[in-house]
Structures are given as C-alpha cells and as structure tokens.
Amino acid sequence: MNPFTIRRAGAGERDVSLIAPLFDSYRQFYDKPADAQLAAKFIRDRLQANESEIFLAEADEEGAREVLGFVQLYPSFSSVAACRIWVLNDLFVIPTARRYGLGRALMEAARQHAIQTGAKRLTLETTLENRTACSLYEDLGYIRQKDSARFYSLELG
C-alpha cells in the first residue's frame with residue numbers, strides 16, 4: 001500500500017466526483033441499489049449546503065490522486081447535555097485498501113475535527129453484523145451504549 005493522506009473535502013465538482021463512486025459503493029454495502037446519479041447529487045447537496053463534513057483518504061498513484069475511503073460527519077446538538085455533537089454517519093474504505101489503517105486514520109480525522117469545533121461527543125451506529133467496524137470503534141475507545149433507549153423512525157415518503 002502506498003502512503004496515503006487524509007484531507008477535508010471541498011464542495012467543488014472535483015471532490016464530488018471523487019467521493020460519489022465510493023458513496024455509491026457504501027450504499028450498496030447496505031443493500032441499496034447502485035445509483036451513481038443519486039450518490040453524486042446527495043454528496044453535492046450536503047457539501048454545497050454545508051450540511052456535512054467529509055474527509056478523504058487518498059493515495060498518490062503515478063501522479064494521480066486515488067480516493068481510497070471517506071468519512072462523513074453531520075453536525076448536531078444534544079439538548080440534554082447542552083452541547084455540540086457530530087454524528088459519524090458514514091465510513092467507507094475500498095476493499096483493496098482495507099487493513100492498512102485507513103479506517104483508523106479517517107476516524108482520527110473525525111475525532112480531531114470534532115475537538116476543533118468544540119464538540120463534546122461523536123456518535124455513530126452500525127449493524128451488529130459489521131463486526132470489523134465494531135472492533136475498530138471499540139479499539140478506538142467508543143463505548144457501545146446500553147439498551148437504555150429505543151430507536152424509532154417514521155418514514156415520510
């Protein structure tokens with residue numbers, strides 16, 4: 001594995017076009033159908049509206065930048081704790097780049113961003129079947145919450 005760098009994505013079309021294919025693959029990992037246009041539009045909309053922060057892991061492949069993974073964060077707040085939090089919603093590393101520390105590096109970029117923006121917490125969720133991710137999160141100090149709350153959703157369309 002060549003050395004990689006982590007950088008914050010911009011809202012321009014160059015970064016949208018780099019992130020969108022990975023975002024489409026991420027959605028497919030969670031059993032959603034491939035939809036390159038939907039992926040590009042979603043990423044473009046989030047970045048242009050400043051509704052998320054995305055950090056990219058890139059390798060320099062023969063003078064061209066290759067995106068190997070990304071992490072996407074959404075800003076939020078905790079009313080009870082009266083503080084800013086970040087929701088770490090998406091983490092994805094392409095299969096050929098896994099096991100080289102990219103996920104860990106992206107998680108660290110997310111942690112540093114949360115600290116720099118004055119957040120008191122990073123939250124995330126994943127499926128129980130995603131044991132590799134669970135192991136990484138726990139290794140990084142994330143604490144699995146007890147079943148003291150129930151999660152509900154209301155589909156609106």
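## Strands 3 and 4

Phe77 has Arg84 of strand 4 as its bridge partner. Strand 3 and strand 4 (residues 83–93) pair in the antiparallel sense over 10 bridges; strands count as paired if DSSP finds at least two bridges between them. Helices (H or I, at least four residues) and strands (E, at least two) are DSSP runs, numbered from the N terminus. The two strands form a hairpin with four residues between them. In the turn, Ala82 has a positive phi of about 55°.

The model is predicted: local features need pLDDT of at least 70 and side-chain atom pairs count only at pLDDT 80 or more, while totals for chains, interfaces and linings use all residues. Residues are numbered from 1 along each chain as its sequence is written, and side-chain values use heavy atoms, with hydrogens and water left out.

Five strands make an open sheet in the order 1-2-3-4-5, with mixed pairing. Strand 1 (4–8) and strand 5 (121–123) are the edge strands, each pairing on one side only. Neighbouring strands of this sheet are turned by 30° against each other on average, direction ignored. Axes here are lines fitted to C-alpha atoms, for helices over the stretch in contact, and angles run from 0 to 180 degrees between N-to-C directions.

Strand 1 and strand 2 run antiparallel and are joined by five bridges. Arg8 has Phe55 in strand 2 as its bridge partner. Helix 1 (residues 13–29) packs on the sheet, where it touches strand 1, strand 2, strand 3 and strand 4; contact means heavy atoms within 4.5 Å. The direction of helix 1 makes about 80° with that of strand 3. Strand 2 (residues 53–61) and strand 3 (residues 64–78) are also antiparallel, with nine bridges between them.

## Glu58 and Glu61 in strand 2

Glu58 lies in strand 2, and its bridge partner in strand 3 is Val67. At 2% relative accessibility, Glu58 counts as buried. Buried means under 20% relative accessible area, exposed over 50%, and partly exposed in between (1.4 Å probe, protein chains only). The side chains of Glu58 and Arg7 are joined by a polar contact of 2.9 Å. Such a contact is a pair of N or O atoms within 3.5 Å; within protein, one must be able to donate a hydrogen and the other to accept it, and residues adjacent in sequence count only if both atoms are side-chain atoms.

Glu61 is also found in strand 2, and is partly exposed, at 31% relative accessibility. Glu61 and Gln48 are 13 residues apart in sequence, and their C-alpha atoms are 28 Å apart in space.

Ser52 sits in the loop between helix 2 (36–48) and strand 2. Ser52 is buried, with a relative accessible area of 5%. Its side chain makes a polar contact of 2.8 Å with the side chain of Gln72. Leaving aside neighbours within four places in sequence, Ser52 is in contact with Arg46, Leu47, Gln72, Leu73 and Tyr74.

## Helix 4

Ala133, Leu136 and Tyr137 are buried in helix 4 (residues 131–139). Seen down the helix axis, the buried residues of helix 4 fall within an arc of 95°, so they line one face; the arc is that of the directions from the helix axis to the C-beta atoms. These buried residues pack against strand 4 and helix 3 (102–116). Arg131 and Asp139, on the other side of helix 4, are exposed. Gly141, which follows helix 4, has a positive phi near 100°.
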